[in-house]
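Please work through each task before reading its solution.

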Amino acid sequence: MAKKNAFYAQSGGVTAVINASACGVIETARQHKKHIGRVYAGHNGIIGALREELIDTNKESTKTIAALKHTPSGAFGSCRYKLKSLEQNKAEYERLIEVFKAHNIGYFFYNGGGDSADTCLKISQLSEKMGYPIQAIHVPKTVDNDLPITDNSPGFGSVAKYVAVSTKEAALDVASMCETSTKVFILEVMGRHAGWIAGASALAAEKEGDAPHIILFPEIAFNKEKFIKRVKQTVKKHGYCVIVASEGAQYKDGTFLADAGNTDAFGHKQLGGVAPTLATMVKEELGYKYHWALADYLQRAARHIASATDVEQAYAVGRAAVEMAVAGKNAVMPAIIRGKGKRYSWKIEEAPLSDVANVEKMMPRDYISKDGFGITDKGRNYFEPLIQGEDYPPYGKNGLPQYVTLKKVFATKKIKKKFNI
(Lines give C-alpha, C1' and ligand atoms only; values in the text may rest on other atoms or scores of the structure.)
Protein backbone atom coordinates (compact mmCIF):
# COMPACT_ATOMS: atom_id res chain seq x y z
CA MET A 1 0.00 0.00 0.00
CA ALA A 2 1.37 3.40 -1.00
CA LYS A 3 2.18 5.79 1.81
CA LYS A 4 -0.25 8.63 2.37
CA ASN A 5 0.37 12.36 2.10
CA ALA A 6 -0.41 14.84 4.87
CA PHE A 7 -2.48 18.01 4.94
CA TYR A 8 -1.69 20.80 7.41
CA ALA A 9 -3.74 23.97 7.91
CA GLN A 10 -3.85 26.99 10.19
CA SER A 11 -7.12 28.20 11.66
CA GLY A 12 -8.47 31.27 13.41
CA GLY A 13 -6.46 34.16 14.83
CA VAL A 14 -2.73 33.64 14.34
CA THR A 15 -0.01 33.92 16.99
CA ALA A 16 3.66 34.75 17.34
CA VAL A 17 4.49 31.02 17.40
CA ILE A 18 1.92 29.18 15.25
CA ASN A 19 4.54 28.85 12.53
CA ALA A 20 6.81 27.13 15.06
CA SER A 21 4.13 24.43 15.23
CA ALA A 22 4.05 24.30 11.43
CA CYS A 23 7.82 23.88 11.51
CA GLY A 24 7.43 21.04 14.00
CA VAL A 25 4.87 19.29 11.81
CA ILE A 26 6.78 19.63 8.53
CA GLU A 27 10.27 18.85 9.86
CA THR A 28 9.00 15.79 11.74
CA ALA A 29 7.01 14.57 8.72
CA ARG A 30 10.17 14.81 6.63
CA GLN A 31 11.88 12.55 9.16
CA HIS A 32 9.14 9.93 8.68
CA LYS A 33 9.47 9.39 4.94
CA LYS A 34 8.53 5.72 5.30
CA HIS A 35 5.07 6.69 6.52
CA ILE A 36 4.37 10.15 5.12
CA GLY A 37 4.80 11.28 1.53
CA ARG A 38 4.32 14.95 0.76
CA VAL A 39 3.04 17.56 3.20
CA TYR A 40 0.49 19.89 1.69
CA ALA A 41 -0.62 23.04 3.49
CA GLY A 42 -4.00 24.63 3.04
CA HIS A 43 -3.86 28.11 1.53
CA ASN A 44 -5.90 30.13 4.04
CA GLY A 45 -6.74 27.20 6.28
CA ILE A 46 -9.50 24.72 5.58
CA ILE A 47 -10.64 26.95 2.71
CA GLY A 48 -7.51 25.81 0.90
CA ALA A 49 -8.77 22.24 1.00
CA LEU A 50 -12.27 23.17 -0.16
CA ARG A 51 -10.86 25.19 -3.07
CA GLU A 52 -8.13 22.63 -3.78
CA GLU A 53 -5.48 25.25 -3.18
CA LEU A 54 -2.77 23.09 -1.67
CA ILE A 55 0.68 24.49 -1.02
CA ASP A 56 3.36 21.88 -1.66
CA THR A 57 5.74 22.32 1.30
CA ASN A 58 8.23 19.96 -0.38
CA LYS A 59 9.03 22.89 -2.67
CA GLU A 60 10.32 24.86 0.34
CA SER A 61 13.93 24.40 1.38
CA THR A 62 15.08 22.96 4.70
CA LYS A 63 16.38 26.41 5.62
CA THR A 64 13.05 28.09 4.84
CA ILE A 65 11.04 25.58 6.88
CA ALA A 66 13.45 26.00 9.80
CA ALA A 67 12.99 29.80 9.61
CA LEU A 68 9.26 29.35 10.25
CA LYS A 69 10.19 28.76 13.88
CA HIS A 70 11.07 32.43 14.35
CA THR A 71 8.47 33.95 11.97
CA PRO A 72 5.14 35.23 13.37
CA SER A 73 1.61 35.11 11.94
CA GLY A 74 0.27 32.37 9.66
CA ALA A 75 2.78 31.65 6.91
CA PHE A 76 0.30 29.61 4.89
CA GLY A 77 -2.69 31.84 5.55
CA SER A 78 -5.39 31.24 8.15
CA CYS A 79 -9.16 31.65 8.13
CA ARG A 80 -12.24 31.89 10.29
CA TYR A 81 -14.42 29.27 8.73
CA LYS A 82 -16.35 26.71 10.73
CA LEU A 83 -17.65 23.62 9.00
CA LYS A 84 -21.31 22.95 9.62
CA SER A 85 -22.67 19.55 10.60
CA LEU A 86 -22.98 16.86 7.93
CA GLU A 87 -26.76 17.27 8.02
CA GLN A 88 -26.49 21.04 7.43
CA ASN A 89 -23.94 20.98 4.63
CA LYS A 90 -23.05 17.55 3.32
CA ALA A 91 -21.47 19.11 0.23
CA GLU A 92 -18.57 20.57 2.23
CA TYR A 93 -17.53 17.19 3.59
CA GLU A 94 -17.98 15.46 0.27
CA ARG A 95 -15.73 18.09 -1.28
CA LEU A 96 -13.05 17.65 1.41
CA ILE A 97 -13.00 13.90 0.96
CA GLU A 98 -12.91 14.33 -2.81
CA VAL A 99 -9.85 16.60 -2.54
CA PHE A 100 -8.13 14.36 0.02
CA LYS A 101 -8.73 11.31 -2.18
CA ALA A 102 -7.42 13.08 -5.27
CA HIS A 103 -4.18 13.97 -3.51
CA ASN A 104 -3.80 10.73 -1.54
CA ILE A 105 -4.07 12.52 1.81
CA GLY A 106 -4.44 10.29 4.83
CA TYR A 107 -3.23 12.61 7.61
CA PHE A 108 -4.95 15.84 8.62
CA PHE A 109 -3.23 18.27 11.00
CA TYR A 110 -5.37 21.24 11.99
CA ASN A 111 -3.61 23.97 13.95
CA GLY A 112 -6.05 26.10 15.93
CA GLY A 113 -8.34 26.60 18.92
CA GLY A 114 -11.65 25.18 20.08
CA ASP A 115 -13.52 25.60 16.81
CA SER A 116 -10.78 23.91 14.80
CA ALA A 117 -10.75 21.05 17.32
CA ASP A 118 -14.43 20.61 16.49
CA THR A 119 -13.67 20.64 12.76
CA CYS A 120 -10.89 18.11 13.25
CA LEU A 121 -13.17 15.77 15.18
CA LYS A 122 -15.92 16.02 12.55
CA ILE A 123 -13.53 15.19 9.73
CA SER A 124 -12.22 12.19 11.64
CA GLN A 125 -15.74 10.87 12.29
CA LEU A 126 -17.36 11.67 8.98
CA SER A 127 -14.49 10.66 6.72
CA GLU A 128 -14.81 7.13 8.04
CA LYS A 129 -18.56 7.14 7.42
CA MET A 130 -17.91 8.35 3.89
CA GLY A 131 -15.54 5.50 3.12
CA TYR A 132 -12.21 7.35 3.19
CA PRO A 133 -10.82 7.35 6.76
CA ILE A 134 -8.58 10.28 7.69
CA GLN A 135 -6.27 10.35 10.70
CA ALA A 136 -7.11 13.76 12.13
CA ILE A 137 -4.83 15.31 14.75
CA HIS A 138 -5.52 18.68 16.29
CA VAL A 139 -2.48 20.90 16.94
CA PRO A 140 -3.37 23.28 19.81
CA LYS A 141 -3.07 27.03 19.35
CA THR A 142 -4.87 30.00 20.84
CA VAL A 143 -3.75 33.23 22.46
CA ASP A 144 -6.95 33.07 24.56
CA ASN A 145 -5.52 30.05 26.44
CA ASP A 146 -9.01 28.58 26.77
CA LEU A 147 -8.47 25.04 25.46
CA PRO A 148 -9.28 22.35 28.05
CA ILE A 149 -6.97 19.55 29.27
CA THR A 150 -3.75 21.19 28.05
CA ASP A 151 -2.11 23.22 30.83
CA ASN A 152 -1.71 26.13 28.45
CA SER A 153 -2.13 26.79 24.75
CA PRO A 154 0.84 27.55 22.48
CA GLY A 155 0.65 31.22 21.55
CA PHE A 156 -0.49 32.30 24.99
CA GLY A 157 2.90 32.51 26.69
CA SER A 158 4.17 35.04 24.15
CA VAL A 159 1.04 37.20 24.39
CA ALA A 160 1.31 37.05 28.18
CA LYS A 161 4.93 38.24 27.99
CA TYR A 162 4.06 41.04 25.56
CA VAL A 163 1.15 42.29 27.67
CA ALA A 164 3.09 42.15 30.94
CA VAL A 165 6.04 44.05 29.43
CA SER A 166 3.77 46.60 27.71
CA THR A 167 1.86 47.20 30.95
CA LYS A 168 5.09 47.78 32.86
CA GLU A 169 6.51 50.16 30.25
CA ALA A 170 3.29 52.13 29.76
CA ALA A 171 2.89 52.44 33.53
CA LEU A 172 6.35 54.00 33.84
CA ASP A 173 5.33 56.52 31.19
CA VAL A 174 2.07 57.42 32.93
CA ALA A 175 3.70 57.61 36.37
CA SER A 176 6.28 60.09 35.09
CA MET A 177 3.64 62.45 33.69
CA CYS A 178 0.65 62.02 36.01
CA GLU A 179 1.19 65.21 38.01
CA THR A 180 0.28 67.43 35.07
CA SER A 181 -1.02 65.04 32.42
CA THR A 182 -2.66 61.60 32.09
CA LYS A 183 -3.90 60.06 35.32
CA VAL A 184 -5.71 57.01 33.95
CA PHE A 185 -4.40 54.62 31.30
CA ILE A 186 -6.46 51.72 29.98
CA LEU A 187 -5.00 48.83 27.97
CA GLU A 188 -7.52 46.59 26.21
CA VAL A 189 -6.38 43.02 25.55
CA MET A 190 -7.92 39.98 23.88
CA GLY A 191 -10.05 37.45 25.71
CA ARG A 192 -13.72 37.09 24.82
CA HIS A 193 -14.87 34.78 27.61
CA ALA A 194 -11.67 33.96 29.46
CA GLY A 195 -9.43 36.47 31.22
CA TRP A 196 -6.09 34.70 30.89
CA ILE A 197 -4.37 37.45 28.88
CA ALA A 198 -5.65 40.20 31.16
CA GLY A 199 -4.54 38.17 34.17
CA ALA A 200 -1.02 37.83 32.80
CA SER A 201 -0.63 41.63 32.89
CA ALA A 202 -0.40 41.33 36.69
CA LEU A 203 3.13 39.96 36.24
CA ALA A 204 4.17 43.57 35.59
CA ALA A 205 3.65 44.33 39.29
CA GLU A 206 6.64 43.37 41.42
CA LYS A 207 5.78 45.29 44.58
CA GLU A 208 2.81 46.92 46.30
CA GLY A 209 1.47 49.87 44.29
CA ASP A 210 2.89 48.74 40.95
CA ALA A 211 0.64 48.67 37.88
CA PRO A 212 -1.70 47.24 36.82
CA HIS A 213 -3.90 48.61 39.59
CA ILE A 214 -7.13 47.22 38.16
CA ILE A 215 -7.71 44.18 35.95
CA LEU A 216 -11.13 43.46 34.46
CA PHE A 217 -11.90 39.81 33.74
CA PRO A 218 -14.85 38.32 31.81
CA GLU A 219 -15.22 35.87 34.72
CA ILE A 220 -15.99 38.69 37.19
CA ALA A 221 -19.20 40.67 36.66
CA PHE A 222 -18.44 44.35 36.03
CA ASN A 223 -19.80 46.75 38.64
CA LYS A 224 -19.54 50.36 37.51
CA GLU A 225 -19.87 51.87 40.97
CA LYS A 226 -17.18 49.60 42.41
CA PHE A 227 -14.92 50.26 39.43
CA ILE A 228 -15.18 54.05 39.60
CA LYS A 229 -14.58 53.97 43.35
CA ARG A 230 -11.40 51.92 42.90
CA VAL A 231 -10.10 54.24 40.16
CA LYS A 232 -10.63 57.27 42.40
CA GLN A 233 -8.92 55.60 45.37
CA THR A 234 -5.96 54.54 43.25
CA VAL A 235 -5.38 57.99 41.74
CA LYS A 236 -5.60 59.55 45.21
CA LYS A 237 -3.05 57.07 46.60
CA HIS A 238 -0.58 56.72 43.72
CA GLY A 239 -1.27 59.74 41.52
CA TYR A 240 -2.30 57.59 38.57
CA CYS A 241 -4.20 54.39 37.73
CA VAL A 242 -3.37 51.73 35.12
CA ILE A 243 -6.20 49.44 34.05
CA VAL A 244 -5.96 46.30 31.92
CA ALA A 245 -9.32 45.20 30.55
CA SER A 246 -10.25 42.03 28.74
CA GLU A 247 -12.29 42.71 25.60
CA GLY A 248 -14.90 40.36 27.05
CA ALA A 249 -15.53 42.31 30.26
CA GLN A 250 -19.25 42.02 30.93
CA TYR A 251 -22.07 42.96 33.24
CA LYS A 252 -23.81 40.53 35.59
CA ASP A 253 -26.47 39.72 32.99
CA GLY A 254 -23.80 38.67 30.48
CA THR A 255 -23.97 41.79 28.32
CA PHE A 256 -20.53 42.80 27.06
CA LEU A 257 -19.42 46.32 27.92
CA ALA A 258 -18.37 46.67 24.29
CA ASP A 259 -21.09 44.74 22.41
CA ALA A 260 -21.04 46.17 18.87
CA GLY A 261 -24.22 44.37 17.90
CA ASN A 262 -22.68 42.19 15.15
CA THR A 263 -21.37 38.61 14.97
CA ASP A 264 -18.30 37.11 13.30
CA ALA A 265 -17.97 34.08 11.01
CA PHE A 266 -18.22 31.71 13.96
CA GLY A 267 -21.34 33.40 15.33
CA HIS A 268 -19.42 35.10 18.16
CA LYS A 269 -20.44 38.59 19.27
CA GLN A 270 -18.36 41.28 17.58
CA LEU A 271 -16.88 43.44 20.31
CA GLY A 272 -16.48 47.16 19.69
CA GLY A 273 -13.86 48.32 22.19
CA VAL A 274 -14.05 48.09 25.97
CA ALA A 275 -11.21 50.61 26.51
CA PRO A 276 -12.99 53.67 25.07
CA THR A 277 -16.16 52.61 26.90
CA LEU A 278 -14.30 52.59 30.21
CA ALA A 279 -12.48 55.82 29.35
CA THR A 280 -15.82 57.54 28.82
CA MET A 281 -17.01 56.34 32.23
CA VAL A 282 -13.87 57.69 33.90
CA LYS A 283 -14.16 61.04 32.14
CA GLU A 284 -17.87 61.47 32.94
CA GLU A 285 -17.67 60.31 36.56
CA LEU A 286 -14.26 61.62 37.65
CA GLY A 287 -13.08 64.09 35.02
CA TYR A 288 -9.55 62.65 34.90
CA LYS A 289 -7.42 63.01 31.82
CA TYR A 290 -7.02 59.58 30.25
CA HIS A 291 -5.42 57.61 27.46
CA TRP A 292 -6.30 54.18 26.21
CA ALA A 293 -4.62 51.68 23.90
CA LEU A 294 -5.77 48.63 22.01
CA ALA A 295 -3.17 45.84 21.98
CA ASP A 296 -5.13 44.16 19.16
CA TYR A 297 -2.95 42.40 16.54
CA LEU A 298 0.25 43.77 18.11
CA GLN A 299 -0.06 41.40 21.06
CA ARG A 300 -0.41 38.24 19.00
CA ALA A 301 2.17 39.07 16.32
CA ALA A 302 4.99 40.18 18.64
CA ARG A 303 7.58 37.55 17.79
CA HIS A 304 10.39 39.94 18.73
CA ILE A 305 9.48 39.45 22.40
CA ALA A 306 8.21 35.86 22.31
CA SER A 307 8.57 33.61 25.31
CA ALA A 308 11.23 30.95 24.78
CA THR A 309 9.02 28.50 26.68
CA ASP A 310 6.17 29.21 24.27
CA VAL A 311 8.34 28.72 21.19
CA GLU A 312 9.60 25.40 22.51
CA GLN A 313 6.10 24.17 23.36
CA ALA A 314 4.65 25.31 20.03
CA TYR A 315 7.26 23.32 18.15
CA ALA A 316 6.80 20.35 20.46
CA VAL A 317 3.04 19.99 19.85
CA GLY A 318 3.65 20.11 16.09
CA ARG A 319 6.26 17.38 16.35
CA ALA A 320 4.08 15.31 18.70
CA ALA A 321 1.09 15.57 16.35
CA VAL A 322 3.04 13.83 13.59
CA GLU A 323 4.45 11.20 15.94
CA MET A 324 0.93 10.43 17.17
CA ALA A 325 -0.31 10.08 13.61
CA VAL A 326 2.54 7.77 12.64
CA ALA A 327 1.74 5.69 15.73
CA GLY A 328 -1.80 5.23 14.41
CA LYS A 329 -3.56 7.71 16.69
CA ASN A 330 -6.69 9.49 15.51
CA ALA A 331 -9.01 12.25 16.79
CA VAL A 332 -6.55 13.36 19.46
CA MET A 333 -4.64 16.49 20.44
CA PRO A 334 -1.14 16.70 21.92
CA ALA A 335 -1.70 18.40 25.29
CA ILE A 336 0.87 20.11 27.50
CA ILE A 337 0.85 18.62 30.99
CA ARG A 338 2.53 20.58 33.80
CA GLY A 339 4.80 18.74 36.23
CA LYS A 340 3.98 18.75 39.95
CA GLY A 341 7.35 19.80 41.35
CA LYS A 342 8.30 23.31 42.48
CA ARG A 343 10.58 23.66 39.49
CA TYR A 344 8.56 24.13 36.29
CA SER A 345 8.46 21.14 33.97
CA TRP A 346 6.10 19.84 31.31
CA LYS A 347 5.46 16.92 29.00
CA ILE A 348 3.16 16.07 26.09
CA GLU A 349 0.27 13.64 26.40
CA GLU A 350 -2.62 12.88 24.06
CA ALA A 351 -6.10 14.22 24.76
CA PRO A 352 -9.22 12.88 22.99
CA LEU A 353 -10.82 15.49 20.75
CA SER A 354 -14.25 14.55 22.08
CA ASP A 355 -13.13 16.15 25.37
CA VAL A 356 -11.59 19.22 23.70
CA ALA A 357 -13.99 20.36 20.97
CA ASN A 358 -16.24 23.30 21.89
CA VAL A 359 -15.10 23.39 25.53
CA GLU A 360 -13.80 26.70 26.93
CA LYS A 361 -11.46 26.80 29.94
CA MET A 362 -12.00 29.89 32.08
CA MET A 363 -9.66 31.33 34.69
CA PRO A 364 -10.23 29.54 38.01
CA ARG A 365 -11.74 31.78 40.68
CA ASP A 366 -8.83 31.06 43.01
CA TYR A 367 -6.45 32.62 40.45
CA ILE A 368 -8.35 35.91 40.79
CA SER A 369 -8.07 38.09 43.91
CA LYS A 370 -11.01 38.31 46.30
CA ASP A 371 -11.90 41.84 45.17
CA GLY A 372 -11.92 40.71 41.53
CA PHE A 373 -9.39 43.31 40.37
CA GLY A 374 -6.15 41.30 40.43
CA ILE A 375 -4.61 37.84 40.69
CA THR A 376 -3.61 35.65 43.63
CA ASP A 377 -0.24 34.04 44.33
CA LYS A 378 -1.67 30.84 42.86
CA GLY A 379 -2.45 32.69 39.66
CA ARG A 380 1.03 34.22 39.56
CA ASN A 381 2.60 30.78 40.03
CA TYR A 382 0.64 29.57 37.02
CA PHE A 383 1.57 32.49 34.74
CA GLU A 384 5.23 33.11 35.55
CA PRO A 385 6.82 29.99 33.99
CA LEU A 386 5.00 30.57 30.71
CA ILE A 387 6.77 33.86 29.93
CA GLN A 388 10.26 32.67 30.82
CA GLY A 389 13.18 32.95 28.44
CA GLU A 390 13.93 34.95 25.31
CA ASP A 391 14.06 33.55 21.80
CA TYR A 392 14.88 36.52 19.61
CA PRO A 393 14.54 36.22 15.84
CA PRO A 394 17.65 37.03 13.79
CA TYR A 395 18.05 40.72 12.98
CA GLY A 396 19.34 42.15 9.71
CA LYS A 397 21.58 45.10 8.87
CA ASN A 398 18.45 47.27 8.67
CA GLY A 399 17.81 46.71 12.36
CA LEU A 400 14.64 44.72 11.74
CA PRO A 401 13.80 41.07 12.44
CA GLN A 402 14.39 38.80 9.45
CA TYR A 403 11.20 36.84 8.86
CA VAL A 404 10.75 34.26 6.13
CA THR A 405 8.33 34.44 3.20
CA LEU A 406 7.30 31.18 1.55
CA LYS A 407 7.27 30.55 -2.19
CA LYS A 408 3.82 28.93 -1.86
CA VAL A 409 4.00 26.65 -4.86
CA PHE A 410 0.58 25.10 -5.38
CA ALA A 411 0.05 21.45 -6.19
CA THR A 412 -1.54 20.80 -9.56
CA LYS A 413 -5.32 20.69 -9.28
CA LYS A 414 -6.86 17.31 -10.07
CA ILE A 415 -10.54 18.19 -9.80
CA LYS A 416 -12.10 20.22 -12.59
CA LYS A 417 -15.17 21.32 -10.65
CA LYS A 418 -14.68 24.45 -8.51
CA PHE A 419 -16.18 24.81 -5.07
CA ASN A 420 -17.81 28.11 -4.12
CA ILE A 421 -17.59 29.31 -0.50
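**Exercise 1.** Determine whether Trp-196 is buried or exposed.

*Solution.* Buried means under 20% relative accessible area, exposed over 50%, and partly exposed in between (1.4 Å probe, protein chains only). Trp-196 has 2% relative accessibility, so Trp-196 counts as buried. The model is predicted: local features need pLDDT of at least 70, side-chain atom pairs count only at pLDDT 80 or more, and totals for chains, interfaces and linings use all residues. Residues are numbered from 1 along each chain as its sequence is written, and side-chain values use heavy atoms, with hydrogens and water left out.

**Exercise 2.** Classify the pairs that Trp-196 forms with Tyr-382 and with Phe-383.

*Solution.* Step 1: rings of Phe, Tyr and Trp (its six-membered ring) pair if their centres lie within 6.5 Å; planes under 30 degrees apart count as stacked, over 60 as edge-to-face and the rest as tilted. This rule gives 13 aromatic pairs.
Step 1: for Trp-196 and Tyr-382, the centre-to-centre distance is 5.1 Å and the planes are at 45 degrees, a tilted pair.
Step 2: the ring centres of Trp-196 and Phe-383 are 6.2 Å apart with planes at 75 degrees, so this pair is edge-to-face.
Step 3: Phe-383 is also buried, at a relative accessible area of 1%.

**Exercise 3.** Which residues form one aromatic cluster with Trp-196, and which lysine lies over the face of Trp-196?

*Solution.* Step 1: the cluster consists of Phe-156, Trp-196, Tyr-367, Tyr-382 and Phe-383.
Step 1: a charge sits over a ring if NZ of Lys or CZ of Arg is within 6 Å of the ring centre and within 35 degrees of the ring normal. Lys-361 lies over the face of Trp-196, 5.5 Å from the ring centre.
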